[in-house]
Amino acid sequence: MLAFVLMVSFAVQDSGAFVVRLGNDTVSLEQYTRTGTQLRGEYVLRTPRSVHRIYTADLNPDGTIRRFELVTHNIGGAPGPMEIKASVVFSGDSAVMTSDGQTQRIAVPKAIWPYGFYGFGLMEQIARWSRAVGKDSVRFTALTAADQTSGGFIRKRGGDTLVFMFDQGYLAGVGPFTFKDDRQGHITWLTGKGSTLQVEVQRVSSVPMAQATQSFANRPLGPLSVRDTARASVGGAAVWVDYGRPMKRGREIFGNVVPWNTVWRTGANEAAQFNTSADLVISGATVPAGKYTLWTLPTPSGWKLIINKQTGQWGTEYHPEQDLVRVDAKVETLAAPLEQLVIGFEPAAAGATLTITWDKTKVSVPVAKK
């Protein structure tokens with residue numbers, strides 16, 4: 001019965017709008033209209049630069065997409081073209097993509113979806129299709145780059161709550177996005193808490209798109225989490241940590257954005273990379289020369305720093321069986337909050353102290369050359 005209701009609803013025109021926030025920053029505003037044959041929407045986005053995008057999806061009778069077009073306007077005057085238009089036509093087991101007058105054909109699975117971050121009207125369409133299939137867990141494939149596909153699933157978590165997650169291919173590890181999908185097939189709220197994109201999405205009746213496009217044009221947020229590298233010479237050993245630097249943005253960080261009792265990537269996006277040119281001793285544990293990833297385990301009663309042997313992975317891909325060492329870390333509470341995460345090295349008599357500081361928390365471990 002649910003599948004029948006949703007299939008019928010594909011033929012009814014409806015509309016909606018979304019406000020996308022990250023802490024106290026509004027990242028994006030979106031509005032869309034949908035009929036039985038077409039989904040059309042637009043959104044203004046402030047990261048990393050200010051752009052205005054218009055998307056049009058021609059729908060098949062089952063709600064999947066036959067043709068998709070995306071037009072991106074450079075409203076902030078950043079370097080590059082002022083308009084980019086791209087389209088893709090899905091037919092059987094192939095996709096024909098056109099951009100800048102160039103056409104490319106690639107092989108793809110049937111019923112593939114175009115996908116891009118911040119197009120929540122499009123995510124809603126995928127969710128409507130998954131509900132119409134009538135199963136508690138439905139797999140999908142998405143075209144996520146010019147020649148890259150990613151596999152994922154939408155899974156029921158009880159009631160009207162669903163989880164959207166990529167677990168294969170180009171975007172493997174991106175998610176989860178948890179959202180409520182009502183009986184009309186609308187996303188009423190969505191949270192990215194616990195994922196790479198920790199946005200909060202609220203459904204509203206409408207958004208002031210024209211005013212927002214003008215207002216956001218000269219107020220880009222830049223990258224939400226810039227990449228940085230902390231370097232030090234520890235007894236002659238060259239040591240560095242490459243990591244993403246998220247910002248507080250008015251949020252409660254530890255116990256909320258970074259949950260307790262869960263291994264944290266210690267930054268954002270890709271896992272934090274740790275490299276040493278010589279053998280080290282970190283808080284009493286030996287770390288041979290080489291490349292690793294750095295993780296932490298925050299708990300209300302104390303922290304552990306983890307050096308893991310796997311490298312190059314996304315920050316949601318952690319495998320405890322690859323741990324080299326886990327050591328206790330010193331935890332201090334700061335008098336004033338620090339807006340952006342900082343990993344650094346402080347001089348010490350026996351070498352250096354590796355520090356991780358964010359919000360009102362400072363975590364540290366001693367590092368020395370073996």
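Ser-277 is found in the loop between strands β18 (272-276) and β19 (280-282). Helices (H or I, at least four residues) and strands (E, at least two) are DSSP runs, numbered from the N terminus. The model is predicted: local features need pLDDT of at least 70, side-chain atom pairs count only at pLDDT 80 or more, and totals for chains, interfaces and linings use all residues. Residues are numbered from 1 along each chain as its sequence is written, and side-chain values use heavy atoms, with hydrogens and water left out.

**Around Ser-277**

Ser-277 counts as partly exposed, at 49% relative accessibility. Buried means under 20% relative accessible area, exposed over 50%, and partly exposed in between (1.4 Å probe, protein chains only). Leaving aside neighbours within four places in sequence, Ser-277 is in contact with Ala-237, Ala-238 and Ala-289. Contact means heavy atoms within 4.5 Å. Gly-290 is 13 residues from Ser-277 along the chain, and their C-alpha atoms are separated by 6.4 Å.

**The whole protein**

The protein has three helices and 24 strands. Its radius of gyration is 23 Å, close to the 21 Å that the globule rule gives for 370 residues, so the protein is as compact as a globular protein of that length. That radius is taken over C-alpha atoms, and the rule is 2.2 Å times the number of residues to the power 0.38. Along the principal axes, the C-alpha atoms fill a box of roughly 70 × 45 × 40 Å. Buried residues make up 51% of the 370 residues. Among contacts between residues at least 6 apart in sequence, 48% join residues at least 24 apart.

**Salt bridges**

Side chains of opposite charge can pair when their charged atoms come close. A salt bridge is a side-chain nitrogen of Lys or Arg within 4 Å of a carboxyl oxygen of Asp or Glu. A search of the whole structure finds 15 of them.

| Pair | N to O distance |
|---|---|
| Asp-58 and Arg-66 | 3.6 Å |
| Arg-139 and Asp-167 | 2.8 Å |
| Asp-242 and Arg-227 | 2.8 Å |

Asp-58 is buried, at 13% relative accessibility.

Arg-139 and Asp-167 form a salt bridge. This pair links distant parts of the chain: Arg-139 is in strand β10 (residues 137-145) and Asp-167 is in strand β12 (residues 161-169), 28 residues apart. Arg-139 is partly exposed, with a relative accessible area of 42%. Asp-167 is partly exposed at 34%.

The side chains of Asp-242 and Arg-227 also meet in a salt bridge. Here strand β17 (residues 237-245) holds Asp-242 and strand β16 (residues 226-234) holds Arg-227, 15 residues apart. Arg-227 is partly exposed, with a relative accessible area of 32%.

Asp-14, Arg-34, Glu-124 and Arg-203 are linked in a network of salt bridges.

**Backbone details**

Most residues other than glycine have a negative phi, and most peptide bonds are trans. The peptide bond from Thr-47 to Pro-48 is cis, with omega near -5 degrees. Pro-48 is in the loop between β3 (38-45) and β4 (51-59). The bond from Gly-175 to Pro-176 is cis, with omega near 0 degrees. Pro-176 lies in the loop between β12 and β13 (177-181).

Ser-283 has a positive phi, near 50 degrees. Ser-283 is found in the loop between β19 and β20 (285-287). Asp-359 has a positive phi, near 55 degrees. Asp-359 sits in strand β24 (residues 351-369) and is buried, with a relative accessible area of 12%.
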